[in-house]
Amino acid sequence: MSCRVGGPSSSGKSTLGKTILDMMPEEECLDLTRLTPRSFDYVEKDYLKHKFVFMAEREGATEANYSIRLMQTERKLTTLVTIQDPKTNRPKTVSWEVEGPIAYMETTIETSNIDPQNLTRVFSLYADDSEPQTVKVLEALGKERTLEGLSQEEKKEKVVLMP
């Protein structure tokens, strides 16, 4: 599954992503800020398999749109590359495959200029920054600093750390 969290700056998009990251085993997650066009092409075969990939800002992934889409739909990347054959010392073409699938999440403030091919592969969520929601967030932040809030934090830690 993949999702795109849109909304205004400081509306909680990245906080949502970081919260999800905190609830997952660290070795199963990639918390990224930028992908180059070929970032996924030459990693070890199973490096991305069943990973949760969090892209802090959509802008950091635009160059890798194609690879992200393929990993979402085809669940693998297959690339033909030329290498030097160690036996003959001559060029030789080999196939390099990287396995998926990945779960992918990105945040963005953009409401337009998103590739339609990317939008068909993700659930789109919107971060609410309305005044009533902001009041709820501020109340929750205040409650975190009370005895009741500290108790809730301990319960949360137990859930996150469950084996």
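In what order do the five strands form the open sheet? I looked this up, and the order is S2-S3-S6-S1-S7, with parallel pairing. Strands here are DSSP runs of E with at least two residues, numbered from the N terminus. I count two strands as paired if DSSP finds at least two bridges between them.

I work from a predicted model, where local features need pLDDT of at least 70, side-chain atom pairs count only at pLDDT 80 or more, and totals for chains, interfaces and linings use all residues. Residues are numbered from 1 along each chain as its sequence is written, and side-chain values use heavy atoms, with hydrogens and water left out.

Strand S6. I checked its burial (buried means under 20% relative accessible area, 1.4 Å probe, protein chains only). Six of the seven residues of S6 (residues 102-108) are buried, so the rest of the structure largely encloses this strand.

Partners of S6. Strand S1 (residues 2-6) pairs with S6 in the parallel sense over five bridges. Ser 2 stands opposite Tyr 104, and Gly 6 has Thr 108 as its bridge partner. Strand S3 (residues 51-55) also runs parallel to S6, joined by five bridges. There, Val 53 has Tyr 104 as its bridge partner.

Methods
Buried means under 20% relative accessible area, exposed over 50%, partly exposed in between (1.4 Å probe, protein chains only). Helices (H or I, at least four residues) and strands (E, at least two) are DSSP runs, numbered from the N terminus.
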